[in-house]
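Here are a few exercises to work through with the model open beside you. Try each task on your own, then follow the solution step by step.

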Amino acid sequence: MIKSIDHIVLTTKDTDKTIQFYCGVLGMTLDRFTPDGSSSERLALCFGGQKINLHQASSPFVPHAQNPVSGAVDICFLSDTPIEEWIKIFTQNSIPVEEGPIAKTGATGPLCSIYVRDPDGNLIEVANLTS
């Protein structure tokens with residue numbers, strides 16, 4: 001049986017802008033790694049026990065999704081930082097909040113969420129678990 005997600009892959013048009021958004025704004029860390037049997041360096045955005053591998057749209061790492069395109073992902077990140085603080089962070093970085101705060105339902109319970117877009121247009125939900 002499946003027990004968790006190890007990683008996901010984002011296809012990006014501009015790796016530098018993507019790294020700035022996820023590391024500089026969301027607080028993830030950048031990991032550079034070379035997979036076994038490869039000489040090509042890869043990039044991953046790390047947070048908690050998860051990571052997001054990056055594929056450059058013009059040359060995605062093989063194997064890849066059948067149609068690797070940027071801007072096709074909708075993902076929710078849980079955070080202990082209050083939503084009000086996230087609104088301030090996004091405002092300071094000139095990133096418009098598209099929706100929220102709004103009540104949503106997550107995998108483990110109710111959420112208070114806001115929605116923004118990353119540099120590729122992916123929909124990014126940042127949420128706090130609520131009781």
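**Exercise 1.** Which residues line the second largest pocket, and which element gives the largest share?

*Solution.* Start with the list: the lining of the second largest pocket is made of Thr-15, Ser-40, Glu-41, Arg-42, Leu-43, Leu-54, His-55, Gln-56, Ser-59, Pro-60 and Phe-61. A pocket here is an open set of points on a 1 Å grid over the protein atoms alone, where a 1.4 Å probe fits, with protein on both sides within 12 Å along at least five of seven lines; lining residues have an atom within 4 Å of a point. The model is a predicted one, in which local features need pLDDT of at least 70 and side-chain atom pairs pLDDT 80 or more, while totals for chains, interfaces and linings use all residues. Residue numbers run from 1 along each chain as its sequence is written, and side-chain values use heavy atoms, without hydrogens and water.

Next, assign elements: β3 (42-47) and β4 each give two or more residues to this lining, and β4 has the largest share, with three. Strands are DSSP runs of E of at least two residues, and helices are runs of H or I of at least four, numbered from the N terminus.

Finally, sort by class: four residues are nonpolar, five polar and two charged. Asp, Glu, Lys and Arg count as charged; Ala, Val, Leu, Ile, Met, Phe, Trp, Tyr, Cys and Pro as nonpolar; the others, Gly among them, as polar. The volume is about 190 Å³, taken as the space filled by probe spheres set on the points, which are joined across faces, edges and corners.

**Exercise 2.** Now find the residues that lie nearest the centre of the largest pocket.

*Solution.* Among its 24 lining residues, look for Phe-47, Gln-50, Cys-76, Phe-77 and Leu-78. Two or more residues come from each of β1 (7-12), β4 (50-56), β5 (74-78) and β8 (123-129). Of the elements, β5 gives the most, four residues. The classes are 15 nonpolar, seven polar and two charged, around a space of about 600 Å³.

**Exercise 3.** What is the strand order of the open sheet of four strands?

*Solution.* Trace β1-β4-β3-β2, with mixed pairing; strands pair if DSSP finds at least two bridges between them. The edges are β1 and β2 (29-33), each pairing on one side only. Then take β1 and β4: these strands run parallel, joined by six bridges, and Thr-12 has Gln-56 of β4 as its bridge partner.
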